[in-house]
Amino acid sequence: MIGRVPRQGLVPLLALSVGLGGLAVFATSGAANAAPHNGTPASVQLGYTDSAHPKTAYDAGNEDLPLGSWRDAAGVRHTSRVYATFDLSAYQGKKIYSGSIFLRESSAADCSKRAIEIWRTKPVDATPTWKRAPEPLVRTDEILTPDGCPSQYLNLDVSAAVQDAVRQRQQRITFEIRVPQRYENDPTYGRKLYWYSPVRLSVQFNSVPTVDNNHLYNGGFPCTTSKPYPRIGSFANSIQAVGTDADAWDERAILTTAAIWPVDQPRQRTEFTGDFGTSGRANGAAVPANALVDGVTYAWQARAGDGADLSAWSKKCYFTYDVTRPPTPMVSSSNYPHADTGEFAPVGVPGRFTFSGNGNRDVAGFAYSWSEPGVSGCSYSEPLGQLVCTKPFDRPDTVRANTPGGSVTVSLSPERSGFQRLYVYALDLAGNSSPWATYEMYVPFSAPNVSVVDGPPEWGSQVHLRLSPATGLTVTGYEYKLDGGEPQTLPAGADGVAHLFFPATNTYGHRVEVRSRGANGFRSDSTNWTYYFGQRPGVRSTVYPPGTAGGGVGVPGDFTFTPVAGWTDTSAYRYSFDGAEPTEVPAGQDGRATITWAPTTSGWHELEVYAVRADGSVSYESNWYSFLVAEGT
């Protein structure tokens, strides 16, 4: 007698490749293949019943499973049915295409006969007994042909049963495999199923893609569903939607289809599909530009596909296609003479410029620039990857007209002095720009003065800069950028002077861009102050400053050496006056050293200094420090 096998003795499910004609290939749910996909739900129960022992349940183990009638060694007749339960939780919400139960026979009482049928029953948690068998619900398939006996793979169709179970959100499904009632008591129809892989369920499924109504874009702008519809220009044919597919195999195989039509001609609906999209990102379906007509208002919607299924259509979005450029504007100034007059603009006074749309109502406003303007582009935004375009009048250096086709007056300060040109072009609501107009002028010099206080900068020490206005300017403050950073402001004193302090922490040096500002809003052209440290030590002397006469013959002067920018292990300095033999002086804990030297002659002298590291290596560059000793003693 075959005894009850503990549940933990169940054999793990294996992937099978079906070789017989007409049978599907199926694999574990981790297989990577195109939609729809094949998976094998996990087995949660497998065993059989025995009419001769109606109160005993037999779990599958390491012996073949009996099916139909059979006799034991004592001649007692037994009738067995096989029950298999599978976990469908992984398929909830999926679209089920088909389901197949595969059986593997190990032997048959009479290979000229085969009669097997499969029923869906109420689900069970454990192998039932003959007496307490689950209620059969529906017979799903049968096999009545003896071909290929014993068969390695028998295929029974359970598609409708699996589809119904998933539709009803059932987590488990149980099947009863038996010999049909008319043959069940006939031992010649009995057979055994191979113990290692007797019953397997294969499911062909797919997750139907979805499209996100909150993430629909065209022309770099979000979907608009109500009036007034936006006017969109050159990028209007770029339609994007975020499609999502729950199947990992399809995450890089999203197809995005866009349908578009004139709002007053719905029968002209046309669809365009873009390939190779990614699940959860904005995927495009480019509409050919020649499919759109200037001035026409369009409706569109999108859906996502994975090659097997399509999502529902998204909500409808609307826009008006507008690629007509507005006319060139007029530009004039009430206080900056045109360059044709040969006159300079007033110093320290902003220019007042008037832009006019000449009454053309397509002109909504203007953009301006002190250099030849480029095309305002769009960019792709993360994490969705959609095209994002800025609304025309949200861009810098733009201004709206007082009325469509009207004018506006702005106050502007030229970026530089000398001959300057202001570029102006008209904008419409779609962002289309006109050919530019120019206004040329001569601008007087206005850049501020920048000087270093307390000698050349030293790396690791504070830099002190003095800012003062250009001649003829009254200023209230300064705007500066340190090393290309964000603009900062600094108020000026009553004399127009300001002092800027910052630590010298950049090993390559520093750059400061400075503009002055007046109470009338005037913004001067800029001065750039730059200091490069190089790979040499610093030298400083108060008695003998560089480039000017100081001290005298016999007058001792202190010379202080400072580390190479970035060095933190300076141990000494090697120096030489006027080409003499080098002398080495140790550095202090702060990396600095000071020597005292008195000249014996007047005139020009040179001091060459190298920095020395703790490991004995010497700085790549030396500092040639030239100074002038005054005449006399």
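Reader: Over how many bridges do strand β17 and β20 pair?
Author: This is a predicted model: local features need pLDDT of at least 70, side-chain atom pairs count only at pLDDT 80 or more, and totals for chains, interfaces and linings use all residues. Strands here are DSSP runs (E, at least two residues), as helices are (H or I, at least four), numbered from the N terminus. Two strands pair if DSSP finds at least two bridges between them. Strand β17 covers residues 238-244, and its antiparallel pairing with β20 runs over 6 bridges.

Reader: Which residue in β20 is the bridge partner of Q240?
Author: Residues are numbered from 1 along each chain as its sequence is written, and side-chain values use heavy atoms, with hydrogens and water left out. The bridge partner of Q240 lies in β20 and is G284.

Reader: Which strands stand at the edges of the open sheet?
Author: The sheet has 4 strands in the order β15-β14-β17-β20, with antiparallel pairing. Each edge strand has a single partner, so one side of it is left without a neighbour in the sheet. The edge strands are β15 and β20 (281-286).

Reader: How many salt bridges does the structure hold?
Author: Side chains of opposite charge can pair when their charged atoms come close. The cut-off puts a side-chain nitrogen of Lys or Arg within 4 Å of a carboxyl oxygen of Asp or Glu. The count for the structure is 29.

Reader: How many residues apart in sequence are the parts that D164 and R120 tie together?
Author: The two side chains meet in a salt bridge, with N to O at 2.7 Å. D164 sits in helix α1 (residues 159-167) and R120 in strand β8 (residues 116-121), so the pair ties together parts separated in sequence by 44 residues.

Reader: Are D164 and R120 buried or exposed?
Author: The classes rest on relative accessible area: buried is under 20%, exposed over 50%, and partly exposed in between (1.4 Å probe, protein chains only). Both D164 and R120 are buried.

Reader: What is the distance between the closest N and O atoms of E271 and R269?
Author: E271 is partly exposed at 41% relative accessibility. R269 is partly exposed too, at 31%. Their salt bridge has its closest N and O atoms apart by 4.0 Å.

Reader: Where does D569 lie, the partner of R613?
Author: R613 and D569 form a salt bridge, N to O 2.8 Å. The pair links distant parts of the chain, 44 residues apart, with R613 in strand β45 (residues 603-613) and D569 in the loop between β41 (557-562) and β42 (570-577).

Reader: What pattern do the disulfides follow?
Author: A disulfide is a pair of cysteine sulfur atoms within 2.5 Å. The structure holds 3 of them. With bonded cysteines counted along the chain, the pattern is 1-2, 3-4, 5-6.

Reader: Why is the disulfide of C111 and C149 left-handed?
Author: The link has an S to S distance of 2.0 Å. C111 lies in the loop between β7 (105-108) and β8, and C149 in the loop between β9 (136-143) and β10 (154-157), so parts 38 residues apart in sequence are tied together. The disulfide is left-handed because the torsion about its S-S bond is about -70°.

Reader: What is the relative accessibility of C317?
Author: A disulfide of S to S 2.1 Å joins C223 to C317. C223 lies in the loop between β15 (221-222) and β16 (231-232) and C317 in strand β22 (residues 317-321), so the pair ties together parts that are 94 residues apart. C223 is buried at 18%. C317 is buried as well, at 0%.

Reader: Is the link of C378 and C389 left-handed or right-handed?
Author: The S to S distance between C378 and C389 is 1.9 Å. C378 is partly exposed at 26%, whereas C389 is buried at 8%. With 110° about the S-S bond, their link is right-handed.
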